[in-house]
Amino acid sequence: MIGTIVSSSSLVPSFSETPTLFFSAEVESQSRSVNAKVQSRRILVIDDEASIADSLAEILTSHGFEARAFYAGQKAVDYAREQCPDIVLSDVVMPKLNGVDTVLALREICPSIRIFLFSGQAGTGNILQRARANGHEFELLPKPLHPDKLLKKLRS
Amino acid sequence: MGVIEFFSSQVRQPDDEFMNMMAGIGIQMGQVRHREQFEDARTKLAAIVESSDDAIVSKDLNGIVTSWNAAAERIFGYSGEEIIGRSITLLIPPELQDDEILILSKIRAGERIEHFQTVRLHKNGTRVDVSLTVSPIKNKQGRIIGAAKIARDITQQKKSEEAAFRLAAIVESSDDAIVSKDLNGIIQSWNKGAERIFGYMAQEIVGKPITTIIPAELQAEEVQIISKIRAGERVDHFQTQRVAKNGDRVEISLTISPIKDRDGKIIGAAKTARDITQQRKLETALHTSERLASVGRLAATVAHEINNPLEAITNYIYLAKQHPDLSGKLKRYLDSADRELARVTHIAQQTLGFYRDNSQPVPLVIADVIEDVLAIYERKFAYKDLTIQRDIESGLAACTLQGELKQMLSNLVSNAIDACDEGGKIVIRARESEDYRSHRRGIRITVADNGVGISTQDSLKIFTPFFSTKKEVGTGLGLWITRDLLNKRGGHIRFRSSQSARSGTAMSIFLPMTTSMTNSGAAA
């Protein structure tokens with residue numbers, strides 16, 4: 001569960017593939033307009049719980065994002081060295097590299113990356129407090145976060 | 001004939017013994033019929049005088065000492081040889097020399113002086129408190145020829161009296177209730193502390209049984225206490241409850257000791273009761289806060305375990321609903337599941353989310369915060385059929401501590417619900433505002449109800465910790481905490497309330513803001 005597993009879901013393409021993306025019927029028209037700026041919609045979803053990372057990546061993909069799921073922060077960072085994403089959505093409390101350290105490392109590699117953290121809370125306070133002490137302020141989205149709300153945030 | 005004076009160094013009950021002694025002297029003298037008898041009587045008298053504990057001194061009308069017994073020597077330090085033939089004024093302090101003139105003039109007039117409390121000098125210069133009884137001595141012809149003077153040393157008695165006064169003053173000034181009772185449990189004394197703690201004045205409770213202040217279910221305690229006291233045992237720091245005159249329960253720590261007379265017989269009990277009501281309340285508060293802290297820790301742990309699966313379920317239902325082949329029936333099922341899920345999500349966030357770390361202010365949409373708080377009380381609103389009216393300035397947002405703001409609003413809303421009758425109304429108003437005193441900008445949120453209102457008397461106490469009008473359910477901490485939180489942030493709380501025509505209460509909090517803003521997106 002800890003190793004990097006690029007989602008095997010057929011609905012979630014890898015960035016290296018030709019961008020023939022999956023679009024659900026209802027978002028197809030919307031996604032066409034999005035398609036033009038598809039380069040700004042590459043998103044990494046990081047959560048040590050595979051069910052969350054996978055389901056979110058699938059939802060985001062169905063809404064026109066190029067989403068890729070990771071179950072460990074380090075794997076996402078390694079991936080970003082190859083190809084910079086536009087957005088990262090990461091869980092906070094994760095074994096080894098936590099969410100804050102992950103997004104800070106990603107920002108080093110991709111300075112313009114937009115960062116969203118989300119958490120089910122336990123232990124989040126301490127991690128965020130340490131980040132604040134170092135001058136890093138992040139908005140925290142609470143889990144469970146309804147996909148509609150998440151999409152609104154991402155599009156804002 | 002001459003004059004006889006008596007002195008004693010012992011503190012004794014006033015003069016019974018002396019009177020007997022004098023009667024004895026009289027009888028002896030009356031019985032003098034013959035010379036032998038007279039000699040015999042004189043010997044007996046001399047023995048009585050010599051063996052007396054009181055100083056017995058005789059003097060002539062010029063105040064010259066003519067006889068001096070053993071007790072006089074012991075009390076004043078002079079031997080008979082030293083003082084006989086000298087003036088009695090030797091014993092009188094300089095500032096009291098007039099005493100002797102007065103005494104002699106009374107004696108010349110044939111009057112008796114009884115129990116005259118004064119001071120005399122010992123040979124070594126120390127002062128001796130004495131009680132004087134002086135009687136004229138007449139000769140056969142009835143002419144007054146001198147005075148018989150008995151001086152009782154009351155130095156110890158005076159000291160005892162002083163000690164008693166000092167003790168009484170200590171007892172009266174004590175913050176603790178100090179009460180004495182006899183072995184039948186009848187109250188004998190009641191100090192100011194007892195008046196304050198139990199509400200009864202001394203004059204209304206002395207003479208009444210101590211059980212007057214013992215709660216019905218604790219009456220058996222008194223039986224146990226009295227039996228311990230009878231056995232000569234002490235009761236130390238016994239924590240119990242008593243009932244004040246107004247019916248309030250008072251938590252006290254009791255210490256009870258037997259009172260013994262001079263023969264060591266137990267005649268009653270002295271009780272010291274310390275009011276530990278506040279101490280108990282503080283202990284309870286501490287216990288509650290410890291419990292809350294552990295609930296908080298538990299909530300944080302549980303939150304993670306609940307919120308993560310909820311996130312996954314939310315996502316899967318969302319995906320399922322997007323499926324193109326979805327039948328109408330399945331879609332309805334999923335919609336229902338989604339609604340139920342939203343409910344669980346909301347409850348989880350409200351209950352578990354309250355313990356979220358909020359050590360830094362975060363940008364908040366005030367309307368959202370208010371909605372979150374109202375959501376917690378939805379069932380209560382429905383139960384009491386309350387109308388909730390929202391009057392919230394659109395786009396009002398602030399950078400503040402979410403947990404604190406929610407806690408304050410929760411306290412106000414909860415109080416408003418309790419104040420309202422069935423079918424009542426609560427109005428919540430939120431505005432960007434300026435504090436008229438400090439001219440600082442901030443937000444003002446008012447929670448108004450049309451409930452019972454606050455009495456003038458209670459209005460003085462509503463911000464006092466542990467004051468609550470909700471006997472069963474109130475902690476008496478809500479408004480106190482709210483005011484404390486606001487004070488810390490430079491804000492304040494005000495209220496208007498009226499009990500007439502059910503116009504209710506409006507509680508208004510002002511929270512100063514360094515920056516006021518509309519809801520922004522994610523901060524990266």
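The largest nonpolar core of this predicted model has 43 residues, and A:Val45, A:Ala53, A:Phe70 and A:Val88 touch the most other members. Helix H2 of chain A, residues 50-62, gives the most to this core, with six residues. A second, separate core has 31 residues, among them B:Leu364, B:Leu396, B:Ile428 and B:Ile493.

**Nonpolar cores**

- Leaving aside residues up to four places away in sequence, A:Val45 touches A:Ala53, A:Leu56, A:Ala57, A:Leu60, A:Ala67, A:Arg68, A:Ala69 and A:Leu89.
- One of these contacts, A:Ala53, is itself listed with A:Val45 among the residues that touch the most other core members.
- In soluble globular proteins, nonpolar side chains tend to be buried together.

**Sheet in chain B**

- Five strands of chain B form an open sheet in the order S8-S7-S11-S10-S9, with antiparallel pairing.
- Strand S8 (187-190) and strand S9 (235-243) of chain B are the edge strands, each pairing on one side only.
- On average, neighbouring strands of this sheet are turned by 30° against each other, direction ignored.
- Strand S10 of chain B covers residues 249-260 and runs antiparallel to S9(B), to which seven bridges join it.
- B:Phe238 has B:Leu254 in S10(B) as its bridge partner.

**Confidence in chain A**

- Chain A has a mean pLDDT of 74, and 71% of its residues reach 70 or more.
- Over residues 1-39 of chain A, pLDDT stays under 50.
- For residues 1-39 of chain A, the model has 59 contacts beyond four places in sequence.
- Where pLDDT is low, the predicted coordinates should not be read in detail.

Definitions and conventions
Residues numbered from 1 in each chain as written. Chains lettered and ligands numbered in written order. Predicted model: local features only at pLDDT ≥ 70, side-chain atom pairs only at ≥ 80, totals over all residues. Pairing = 2+ DSSP bridges. Helix = DSSP H or I, 4+ residues; strand = E, 2+ residues; numbered from the N terminus. Axes fitted to C-alpha atoms, helices over the stretch in contact; angles between N-to-C directions. Core = buried A, V, L, I, M, F, W, Y, C linked by C-beta atoms within 7 Å. Buried ≥ 20, exposed ≤ 12 C-beta atoms within 10 Å, placed from the backbone. Contact = placed C-beta atoms within 7 Å. pLDDT = per-residue confidence, 0-100.
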